[in-house]
Amino acid sequence: MSESGVEGKITVSPGGEHDPTGAAGTGGTHLTPSAVSPGGLAARHGSDMFGAANGSDTTGFGGLVEKPVAKLSTPKPYGGWFDEATDALEAAWPGFADNVLRVVVDRGELTVYVKPAAVLEIARVLRDEPNLRFELLSSVSGVDYPADDARLHAVYHFTSLTYRRRLRVEAAVTFEDPHLPSVCSVYPTADFQEREAWDMFGIVFDGHPALTRILMPDDWDGHPQRKDYPLGGIPVEYKGASIPPPDERRSYS
Amino acid sequence: MSAYTPERETTEGTVYTVTGGDWDAVVAGAGDDQRMVVNMGPQHPSTHGVLRLVLELEGETVTSARTVIGYLHTGIEKNMEYRNWTQGVTFVTRMDYLAPIFNETAYCLAVEKLLGIEVPERATTIRVLCMEINRIASHLVWLATGGMELGALTAMTNGFRERELCLDVLETITGLRMNHAYIRPGGVSQDLPPGAVEKVRELLETLEERVPIVDQLLTGQPIWQQRLQDVAYLDVQGCLALGVTGPILRSAGLAWDLRKTQPYCGYENYDFEVPTATTADGWGRFQVRVAEMKESMKIVEQALDRLQPGPVMIEDKKIGWPAQLALGSDGMGQSLDHVKKIMGTSMEALIHHFKLVTEGFRVPAGQVYVPIESPRGELGVHAVSDGGTRPFRVHVREPSFVNLQSASAMCEGSLIADAIAAVASIDPVMGGVDR
């Protein structure tokens, strides 16, 4: 999917990328070949009304192609406290212009997309700046967006107890170079959570005191929550019929 | 050296593996080096489930404590990506198995935020009602297991007895003692059955009698006091650095309760207090949790008064499942009127119902993070949709998982007996920790 979205501008890639064979029914690929852009804006192909895109759908809706929406950032003003907080961040952090890729306000939540190398810096500013005071790092997790080049996203949810605000910071890395600085030195709570993101997605947090697997066994191969890692399972027989494992069942997405 | 304690030389020194009771041989063999690494768990009655603690001891003092988890990992988050949004409820309810209603509510609030829908007033009130009953039940289990771990067995028998009463009521409402899958995107799966309100009122009466017994039994009890006071200390700074929320944070004096600070489900309309303590130790956590049970009872009572007749599932037929259920001949909930309509009168309605149940509804693309106050702290659901009928990714920020990191800070430097009290005061539920 096109990575060429220019900030603040909607670009539409040609609908010809639609792959009518790749969606449903084939084992292990419940994902449509559509892209989820990290701005929470999807580029989807086909079948938005009903059924599969692979021709087995007889409703007549299966061939519809929805034009993908590129990644875009929300134009200022964002509304509410979002402007105040982003302005404070910009004022307190000299690296803002270089490192912030875009800012998205969606469903009343503020997301700041930054370059991977800047994660530690922004975390420190968010915690220490008196106008921001995000004292608590609520959550660190990963998301795998197969359609992106930098498909592994580390997602941080910060909470300010002083101002009762929440903010999301997201940084994307590639499979080949899945390195991010660890924020453990600023938020010790990231310890377990970064280990989980490493375990499940293979995101490497440089500077983490002991980046080892946490939920899977130590000798496990692979990172189970990546989208190309199969769910596994066996067919189940019930009253003479065989029900395939969940990742081989018909998918409608 | 006895056969019970085979020893082997490593670069770290002599390692003894204790498999049987010949303690004298171990001590004699250890010589002057008093440092000992003890593996506690994962199968140990004092570790609150399948938690493994690796303790480094000098004499009876814990010099280093590390938690090893993952024994209950079932891949719930991954599994949810292969089921539709409604089926996800059945998975999340099994995470923190002592607070299933909270898992369901947090997940459903996230899905509803993605969809941009409002659930009916009555459904929200029922959610609050169930959550607070569940909070009482969860705190009672904490009291029961925590008491047992510290040797107060009467606390266990009493705690589990009262908890069973709470579960009876939840069973009346949802059909199941645990793993309810009752809260659904768009509302709840069915309305309160006849007699449920009276049963809840009965429960409140019983609890109003029985919860104070906890006070009478334990609060003035010198052994209980000595086991908890000044044990497992963690102040506000330590809590925030380690991401600890819930009763542990409140026991350190910070009244951070999401029901008050960032209200959801209409909690701003209920009259209740946020109990805090200032001791920042196990004793404070005990007091906070007992006080919270009393506050929850107040909320349940108000929720009962607020219950107005009305729908319990969103009216939008593209999302809401039929919620007027009756018991079918197969023992499952059936909406008989609905079945009659779709089977007897309208082919389109039948197709629509079939599509809605097998395929599910589509959720507009985007991501949300919804935190709620579970009995153990901030339970957050980060849900990502790609616009399909299945979750693209659901991450649950489990308070048990995050809070467990504080075990090292609480245990190190204390006696090994206090390590048990520390883990008990954190109240980790391994189903939530490992997911």
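In helix 17 of chain B, the buried residues are Asp418(B), Ala419(B), Ile420(B), Ala421(B), Ala422(B), Val423(B), Ala424(B), Ser425(B) and Ile426(B). The model is a predicted one, and in it this helix, residues 416-426, is mostly covered, with nine of its 11 residues buried. Just after helix 17 of chain B comes Asp427(B), which takes a positive phi of about 60°.

What does helix 17 of chain B lie across? It lies across strand 4 and strand 5 of chain B, and runs at about 150° to strand 4 of chain B. Strand 4 (residues 52-58) and strand 5 of chain B run antiparallel and are joined by seven bridges. One of the pairings places Val68(B), in strand 5 of chain B, as the bridge partner of Arg52(B). The sheet that holds these strands is open, has three strands in the order 3-4-5 (chain B), and is paired antiparallel. Its edge strands are strand 3 (35-40) and strand 5 (61-68) of chain B, each of which pairs on one side only. With direction ignored, neighbouring strands of this sheet are turned by 20° against each other on average.

Chain B also has an open sheet of three strands in the order 10-11-12, again with antiparallel pairing. Strand 10 (366-374) and strand 12 (393-397) of chain B are at the edges and have a single partner strand each, so one side of each is left without a neighbour in the sheet. From one strand to the next, the twist averages 15°. Nine bridges hold the antiparallel pairing of strand 10 with strand 11 (residues 377-385) of chain B. Tyr369(B) stands opposite His382(B), a residue of strand 11 of chain B. Helix 4 (residues 100-115) of chain B lies across strand 10 and strand 11 of chain B, at about 150° to strand 10 of chain B.

Ala110(B) has contacts beyond its neighbours within four places in sequence: Val368(B), Val370(B), Val381(B) and Ala383(B). The largest nonpolar core has 165 residues, and Ala110(B) and Ala422(B) touch the most other members. Helix 5 (residues 121-149) of chain B gives the most to this core, with 14 residues. Ala422(B) is also among the buried residues of helix 17 of chain B.

A further pair of helices in chain B can be described by its axes. The axes of helix 13 (residues 336-344) and helix 14 (residues 347-358) of chain B come within 6 Å and cross at roughly 120°.

Between the chains, 38 residues of chain A are in contact with 42 residues of chain B. On the side of chain A that touches chain B, the elements giving two or more residues are strand 2 (41-43), strand 5 (136-144), strand 6 (152-160), strand 7 (165-173) and helix 4 (190-201) of chain A. Strand 5 of chain A gives the most to this side, with six residues. By class, this side of chain A has 18 nonpolar, 10 polar and 10 charged residues.

How values were computed:
Residues numbered from 1 in each chain as written. Chains lettered and ligands numbered in written order. Predicted model: local features only at pLDDT ≥ 70, side-chain atom pairs only at ≥ 80, totals over all residues. Core = buried A, V, L, I, M, F, W, Y, C linked by C-beta atoms within 7 Å. Buried ≥ 20, exposed ≤ 12 C-beta atoms within 10 Å, placed from the backbone. Helix = DSSP H or I, 4+ residues; strand = E, 2+ residues; numbered from the N terminus. Contact = placed C-beta atoms within 7 Å. Nonpolar A, V, L, I, M, F, W, Y, C, P; charged D, E, K, R; others polar. Pairing = 2+ DSSP bridges. Axes fitted to C-alpha atoms, helices over the stretch in contact; angles between N-to-C directions.
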